Amino acid sequence: MKLRLIGALVTVAVLILLVFSIPLATFVAQVERERLVTALERDAFVLAGHAKETLNTTAGSVLPSLQPYVDSYSKSSEARIVVTNASGLVVASSDPTIAFGRDFSNRLEVAGALKGLPAVGERDSATLGERLLFVAVPVLLGDTVLGVVRFSNPKSVVDEEVQRHVRGIAVAGLITLLAAALVAIPLALTIARPISRLKTSTERLADGDFSVQADDSKGPPEVRELSRSFNAMAGRIGLMLENQQHFSGAVSHQLRTPLTALRLRLDQAQDAVGDSTSPVALALEASRVEIDRLQEMIQQLLALSRLEGGSAATVTVNASVIVRSRIEVWESLAAERHITFTVRGLDSSPCVALEGALEQIVDNYIDNALTAAPDNSIITIEVQRVQRHIHVDVIDEGPGLSEEKRALAFERFWRGATIENAPGTGLGLAIVRQLAVASGGVAELLPRADGKSGLVARISLLAR
C-alpha cells in the first residue's frame, strides 16, 4: 500500500510537471529563438552605422578600416558577418574563406537589402549544406543604399542554443521530481501507516473479532476520525451479535422443552389409541411428524445463528477424502432406489474450510440430489482444481431448476416445487451458503454443462 501511495504521489507530480513544463519549454524555445534573431538584428544595425561612414568616403573600395569592427563582433558572436558595397561585392568579412570582392548580390537577402529592405529569415545554403538563419540590413545614407551588412548562423547552431535552455528546464523538472519523490516518501508513510493499521483491524473484524479496536491517536485527522467511527461500528456490531446469541440461546431453551413435552404427550396419546389405522392415530402421527420438523427447524435456525455470529478458525481439509467418506454413508440409502454414485477428479485436493463444514455441505448436496434424482439414475461427484480453488460438484439427473429458482434456492425457507411434499425445513441450502462464506468459499447451483436435465451443486474453496 505504501508503494502504491508513493507511486500515486509521484505520478501526480509527473503529471503536474508535464502540464506546466511542456508549454513552458515551448514558450522558452520561442522566446530564445526570437532573442537570438533580435540580437543579430541589433548587431547588424550597429555595424551598419559604422560601415556608413566608411562606405560613403571610399566609394566601394576595399576598406581595411572596417575590418576591426567586424573582428570585434566576431569575438563575441558566433555569427558569420559579411559587409558588401552597393554592388554586392564583399568589402569585409569575419569568415577568412570569403575573399574580398566576392559577389554576394545573388543572395536573396543581400539582393533585397540592396533595394533598401531589411531581410530576416531562413533559407537553404548550398555552401553550408544546411539551413541558414540570416539578418541582412541596408547601409543607408538618406535614400541611397551604400551597402549591406549580413549576420548569419547555421540553423543548427541556433537550435542547439535553444535546446540548451530547454534542457535547463528539463533538468529543473527532474530536480523538482526528485524533490517531490523525497517529499512523497515521508508523506506516504504518514498516510499509509495508519491506513494499514486500520485495514488490519478491518480484516480482524471481518474474521469475527468484534473486540478489535483501531488506533485513533495517530495519523491525519481524517484517518483518526475514520478510526473512531470504525471503533463505534465494531462495538455496536459486537453488541448486536452478542444480544442475538443470547436471544438464540433463550429461544432454544424455551422452545425445546415444551416441544419435547408435546412430543411425549403425542406418543402417550398414540399408545392410548392403540389402533394405528384409525383416523385419530393417523392425525397423531401427522402431528408427531410436524413436531419433529419444527424441532429440526429450530435446530437449524440456531445453527445459522451460531454461524453468523461465530468466528471459528479454518483448517486444511482434503476434499477428495471427505467426498469418498460421505458417499460411503449415503450408499445404502441410495441403493434402495437403485441410484449409484460416480466419483471423478482428483485423488487428493487439500483446501481451506471450517472444521466439519465441508462434510455438512456435501451431505446437504447429496441429500438434495437423492430427493430430486429419479430411480435407477446416477449421481456424479467431481473434485477438480480450477486456478487457486478446489471445486466439489454434486451432479444429479433430476428435473433441475430454472435460473430464477437457482437464485432463490439459498434463501431461508425456500423449497422447490419438486420437493414441496418431501420432509425438510428449507434451511439446508441457507446453512450451506453460510458455511461456505465462513470458510472463505462460494456455494452455487448451476445447470449441467452437457445440456442434460439435472443440477450441479458446487462448493468452491480456496486450495491449500
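These points describe a predicted model, from the whole chain down to single residues.

1. Overall make-up. The chain has ten helices and twelve strands. Of its 464 residues, 39% are buried. Among contacts with a separation of 6 or more, 63% are between residues 24 or more positions apart.

2. Burial of strand 1. Strand 1 covers residues 80–85, and six of its six residues are buried. Side chains in a regular strand alternate between the two faces of the sheet. For strand 1, one side holds Arg-80, Val-82 and Thr-84, while the other holds Ile-81, Val-83 and Asn-85. Both of these faces are covered.

3. Partners of strand 1. Which strands pair with strand 1? One partner is strand 5, residues 144–154, which runs antiparallel to strand 1 and is joined to it by six bridges. Within that pairing, Ile-81 has Phe-151 as its bridge partner. Another partner is strand 2, residues 90–93, also antiparallel, with three bridges to strand 1.

4. Strand 1 and strand 2 form a hairpin with four residues between the strands. In this hairpin, Gly-88 takes a positive phi near 85°.

5. Helix 2 spans residues 67–76, and its buried residues include Gln-67, Val-70 and Tyr-73. Why are these three placed on the same side of helix 2? They cover an arc of only 125° around the axis, so they share one side. The face turned away from this buried side carries Lys-75 and Ser-76, which are exposed.

6. Position of Arg-448. Arg-448 lies in the loop between strand 11 (442–446) and strand 12 (456–462). Is Arg-448 buried or exposed? Its relative accessibility is 16%, and because buried means under 20%, Arg-448 counts as buried.

7. Surroundings of Arg-448. Leaving aside residues up to four places away in sequence, Arg-448 touches Ile-395, Asp-396, Glu-397, Ser-453, Gly-454, Leu-455 and Val-456. Ile-395 is 53 residues from Arg-448 along the chain, yet their C-alpha atoms are separated by 7.5 Å. The side chain of Arg-448 also makes a polar contact of 2.8 Å with the side chain of Asp-450.

Technical notes:
Residues numbered from 1 in each chain as written. Predicted model: local features only at pLDDT ≥ 70, side-chain atom pairs only at ≥ 80, totals over all residues. Heavy atoms only, no water. Buried < 20%, exposed > 50% of the residue type's maximum accessible area, 1.4 Å probe, protein only. Helix = DSSP H or I, 4+ residues; strand = E, 2+ residues; numbered from the N terminus. Pairing = 2+ DSSP bridges. Arc of directions from axis to C-beta. Contact = heavy atoms within 4.5 Å. Polar contact = N/O pair within 3.5 Å; in protein donor to acceptor, adjacent residues only side chain to side chain.
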